[in-house]
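Take a look at the protein below. The paragraphs that follow walk through it, one region at a time.

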Amino acid sequence: MDILVINSGSSSIKYQLLDMSDERVLCSGTVERIGEAMGVLNHKIAPGAPGEDKITLTEPIPSHEAGMHLVIGLITDAEHGVVKSKADITAIGHRVVQGGDLFDQSCLVDDTVVAGLEKLIPLAPVHNPGHLAGIRVARELFPGTPQVAVFDTVFHQTMPPRAYMYALPYELYEELKVRRYGFHGTSHGYVTKEAAKFLGKPVEETNLITLHLGNGSSMCAVKGGHSVDTTMGITPLEGLIMGTRSGDVDPAVYPLLAQARGMSIQQIDDMVNKQSGFKGICGMNDMRDIHDAVAAGDARAKLALDMFGYRNRKYVGSYVAVLGRVDALVFTAGIGENDPVARVLSCRGMEHLGIKLDHERNQATERGARDIAAPDSAVRVLVIPTNEELEIARQTAGLLRDN
Ligand code: ADP
């Protein structure tokens, strides 16, 4: 069973083709700058394998349809193709950021699902239109092939109302569905299952605090395998301090800025999403640059790092309170998997909560799932590489089997 995973954005398409008999990635790539004067397609065959082959196409890619035609051409190409024809692709799994409260599980895409995604555009104006473009094109190009939508929000649909409600006038929830949804659910869900396996416990009995720390960052309190709270809210802005996103801010700042600077709502939204976080504090949004700057004595970079660690610790502490018993903290994504300093900063001073790192294990550069807690730590501290594409492919395959 070969499954094509598609993450279609407003001007890009990321894709991966997996052979689910052994979960091997056959090829992957990105189509970027769709609709611009010049588009780029980067295609990798057997990515990560010793015989990895790369192909780059630079040409105008006017639409998602044109981009998908190029991708299918490369996948089925007589010389480089990894499958003989489109018909060899068993199903397509689509990443969808916002499923609102219309979707509490992955589902086969039909006209009703497409209509639901259209209805959710006001809750995800940046993401859902791009996903819909990818889904429409894929349905046209693969008319008989099952298409599955996998949502970032679904894993958090188990949060109780006390966690997902905002203390705003209740009509806003009833009329506009203003509530917290949470994101990165495919990643939190994937590392939850992997962590339970690693700990040798049934997932239904596993309590975790999962930290997805990348350009976008979020934390999740997982009780018995289910999300009971998470740091992101109605959009992926709330919560932790991120590359360019502010995370939690007193919303009273917004009218203050409108008054003092004459900024429009759109300008403020742009600022808190794209000019804030690490970038707002120290001008850099990449964690590796921030470490270099700290080493060179940059005080603002140090402040950004301190703020990041402090915010993470505040949420870890609050999720210990939410969960009671915690089996493990799980670090994942670009920073979580690779940055021992960020991990120290996120758990420092929590020995009294049973969280104790082993400094040597934390520094080790090995890859793969590993335990970096001290032997006498009551709570395990795990590093588990995330794999959202594999999770989407697994859920797609699972849905096909069930239907
Ligand atoms: P995205 O949210 O875009 O998927 P990633 O999960 O790839 O992001 O994470 C990107 C972040 O990971 C960047 O801040 C980058 O600096 C950081 N990162 C990647 N590798 C390392 C490393 N070896 N050490 C520290 N930070 C790293």
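Lysine 177 sits in the loop between helix H5 (170-176) and helix H6 (185-199). In this predicted model, its phi is near 60°, a positive value in a residue other than glycine. Most residues other than glycine have a negative phi.

Glutamate 23 is another case to look at. Its phi is positive, about 60°, although glutamate 23 is not a glycine. Glutamate 23 belongs to the loop between strand S2 (13-19) and S3. Its relative accessible area is 31%, so glutamate 23 counts as partly exposed.

Now follow the chain into strand S3 (residues 24-32), where serine 28 lies. The relative accessible area of serine 28 is 11%. The cut-off for buried is under 20%, so serine 28 is buried. Which residues does serine 28 touch, leaving aside its neighbours within four places in sequence? Its contacts are Tyr15, Gln16, Asn42, His43, Lys44 and Pro47.

Next comes the sheet that holds S3. Eight strands form an open sheet in the order S5-S4-S3-S2-S1-S6-S8-S7, and the pairing is mixed. Which strands stand at the edges? They are strand S5 (53-59) and strand S7 (107-108). Each has a single partner strand, so one side of each is left without a neighbour in the sheet. Strands of a sheet pair through backbone hydrogen bonds, either parallel or antiparallel.

S7 and S8 run antiparallel, joined by two bridges. There, leucine 108 is placed opposite valine 148 in S8.

S6 and strand S8 (residues 147-151) run parallel, and five bridges join them. Histidine 94 faces alanine 149 of S8 across this pairing. On to S1. Strand S1 (residues 2-8) also pairs with S6, in the parallel sense, over five bridges. In that pairing, aspartate 2 has isoleucine 89 in S6 as its bridge partner. How many of the eight residues of strand S6 (residues 89-96) are buried? Six are, so S6 is largely enclosed by the rest of the structure.

Now step back to the whole protein. Its secondary structure comes to 15 helices and 14 strands. Along the principal axes, the C-alpha atoms fill a box of roughly 60 × 55 × 45 Å. What radius of gyration would a compact globule of 403 residues have? The value would be near 22 Å, and the protein has 22 Å, which agrees.

Burial can be viewed over the whole protein too. Of the 403 residues, 51% are buried. The accessible surface comes to about 18300 Å², and 53% of it belongs to carbon and sulfur atoms.

Take the contacts between residues at least 6 apart in sequence: 60% of them join residues at least 24 apart. The protein has 39 positive and 50 negative charges. How far apart are their mean positions? They are 4 Å apart.

Technical notes:
Residues numbered from 1 in each chain as written. Predicted model: local features only at pLDDT ≥ 70, side-chain atom pairs only at ≥ 80, totals over all residues. Heavy atoms only, no water. Helix = DSSP H or I, 4+ residues; strand = E, 2+ residues; numbered from the N terminus. Rg over C-alpha atoms; globule rule 2.2 N^0.38 Å. Buried < 20%, exposed > 50% of the residue type's maximum accessible area, 1.4 Å probe, protein only. Contact = heavy atoms within 4.5 Å. Areas by Shrake-Rupley, 256 points an atom, 1.4 Å probe, with all protein chains shown as cover. Lys, Arg positive; Asp, Glu negative; His and termini not counted. Charge placed at Lys NZ, Arg CZ, Asp CG, Glu CD. Pairing = 2+ DSSP bridges.
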